[in-house]
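Dear colleague,

Please find below the structure that I am handing over to you.

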Amino acid sequence: MKVGITFGGYCPMHQGHLDLIMKAKKENDICYVIVCGYDNEPRANETGLTLNRRFTLVKQMFKDDEQIRVLQVNDTKLGIDESMSEINWHIWLDYVRSITLSNGRSPLDVVTWYVGEESYATSLNNYKDEWFRFISNVVYVDRGIHPISATMIRENPIKYWNKIAWAFRPYFSTNVLITGTASEGKSTLTRDIATYFGIPYSEEYGRTYMEFYGKSDTDLTINDFQEFLIEQRRDTKAKIESPGNCGVVISDTDNLVTLMYAQAYVEDPNIDLTEDDYKTLETLAWNIKRGIQWDKIFLLPPKNKFVDDGCRYMEQASMEERQKNFDKLVNLLHQFGWWDKVEVINGDFLENFETVKNYINGKFNR
C-alpha cells in the first residue's frame with residue numbers, strides 16, 4: 001500500500017497546507033495528516049488555537065474523507081524543541097512511526113512525505129537510508145510566486161481570508177458589537193452597516209422573541225432570560241461561522257444587555273425576577289462568554305428620545321432610568337473584561353455610522 005504523510009502546526013490551516021494534503025491524498029492510498037505543536041505556544045495564546053483545538057478542527061475538516069487519517073503529536077510531551085537537531089528528528093520520527101503503525105499502516109508500506117518547507121525536505125532526505133521504507137520518498141512542493149503562510153494570516157487575516165481553511169475562519173473573524181440602552185438606534189445602525197459592507201449581522205434576539213410571542217417586560221421570568229442568553233449567543237456564533245462571513249461580523253447587542261435589564265428588573269416590583277435568579281443568569285453568561293470574542297465594541301450612551309413603539313417597557317423610558325441602566329452596562333463591560341475594546345460614540349446617526357464604517361474600512365483596507 002502507498003502511504004502519504006504531511007505535517008504542520010496548522011495555526012491556522014490554509015490553502016498551502018491543503019495543496020500538500022490533496023496531492024498526498026491523490027497520489028497514495030492513505031494520507032496521514034499530523035497536527036504538531038507545543039503546550040503554551042504564543043500563537044495559540046494569541047488566536048485561541050491550542051494544539052488540541054487545531055487537532056479537533058482538522059479532524060472536523062476531513063471527517064467524511066476515508067483516505068485521510070488525522071493524528072496529533074505534542075512536541076512538548078516528547079521533550080523536543082524547535083532546533084531541528086538530529087536527536088529531535090529521531091525522537092519525532094520514531095513517535096510518528098509508532099502512531100501511524102497503530103492506526104493501520106503496515107511496516108512494508110511505501111511511505112512518501114510531502115512538505116512545503118525546503119529545510120524539512122533536506123532533513124528528511126538526509127534520513128532516507130537510515131529510515132528505510134518509513135521515508136521512501138520526499139516530495140517538496142514549492143509554494144510558488146504567491147506564497148501563503150500561517151504567519152501572514154495571523155498578521156492580516158482579512159487580507160488572506162479566502163486562503164484560510166473554512167474550519168479555522170471563525171478564529172480570525174473581526175467581531176464588532178453595537179451596544180447600549182434601548183432606543184438609541186443600535187438596530188438601525190447595525191443593519192445599515194451590514195448592508196453597506198454586505199456582512200452578516202446578528203439581531204437582538206430578546207426583542208424578536210418578545211414580539212413573536214407577544215410578551216411584555218412584565219411577563220418575563222428567568223426562563224425567558226435564559227432563552228435570551230443562549231439564543232443570542234447561538235445566533236451570533238452562527239453568523240461568525242457562516243459561509244457569508246468575509247472577515248467581519250457585526251452584532252446588535254449581546255448578553256451583557258440581557259444582564260443589564262435583568263439587574264434593573266430585579267429592582268422592579270412589577271417583574272418576577274429575584275437576586276438568586278440574577279446570579280443564575282450571571283453564571284450562565286460567564287459560562288458562555290468564552291464562545292465569542294469581541295474585537296471592537298461601540299457603546300451608545302442615552303441620548304435619543306425614547307420611542308414608544310408599543311413593545312417597549314415605558315417604566316424604563318425616563319432619561320434617569322436609562323442612565324441607571326447605562327451605568328449598569330458600563331459596570332458589566334468592566335466586570336466581564338471587555339472595557340478595553342469599548343469606544344463610546346455619541347454623535348448623531350450619520351456621525352455614528354461614519355465612525356463604525358471607518359473602523360471596518362480600516363480592517364478591509366489593511
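The structure, a predicted model, holds 21 aromatic pairs. Rings of Phe, Tyr and Trp (its six-membered ring) pair if their centres lie within 6.5 Å; planes under 30 degrees apart count as stacked, over 60 as edge-to-face and the rest as tilted. Phe-7 and Tyr-120 form a tilted pair, because their ring centres are 5.2 Å apart and their planes stand at 40°. Since Phe-7 lies in strand S1 (residues 2–8) and Tyr-120 in helix H6 (residues 118–126), this pair ties together parts that are 113 residues apart in sequence. Helices (H or I, at least four residues) and strands (E, at least two) are DSSP runs, numbered from the N terminus.

Phe-7 is buried, with a relative accessible area of 12%, whereas Tyr-120, at 28%, counts as partly exposed. Here, buried means under 20% relative accessible area, exposed over 50%, and partly exposed in between (1.4 Å probe, protein chains only). Ring pairs also link Phe-7 and Tyr-120 into a cluster with Trp-89, Trp-92, Trp-113, Tyr-127, Trp-131 and Phe-134.

A further pair is that of Tyr-261 and Tyr-265, whose ring centres are 5.9 Å apart with planes at 35°, so this pair is tilted. Both residues lie in helix H11 (residues 255–266), 4 residues apart, which is about one turn of the helix. Tyr-261 counts as buried at 16% relative accessibility, and Tyr-265 counts as buried at 2%.

Turning to the chain as a whole, there are 14 helices and 10 strands. Buried residues make up 51% of its 366 residues. Of the contacts (heavy atoms within 4.5 Å) with a separation of 6 or more, 75% are between residues 24 or more positions apart. The C-alpha atoms fill a box of roughly 80 × 45 × 35 Å, taken along the principal axes.

As for confidence, the chain averages a pLDDT (the predictor's confidence in each residue, from 0 to 100) of 92, and 96% of the residues score at least 70. Where pLDDT is low, the predicted coordinates should not be read in detail.

Residues are numbered from 1 along each chain as its sequence is written, and side-chain values use heavy atoms, with hydrogens and water left out. Because the model is predicted, local features need pLDDT of at least 70 and side-chain atom pairs count only at pLDDT 80 or more, while totals for chains, interfaces and linings use all residues.

Yours sincerely
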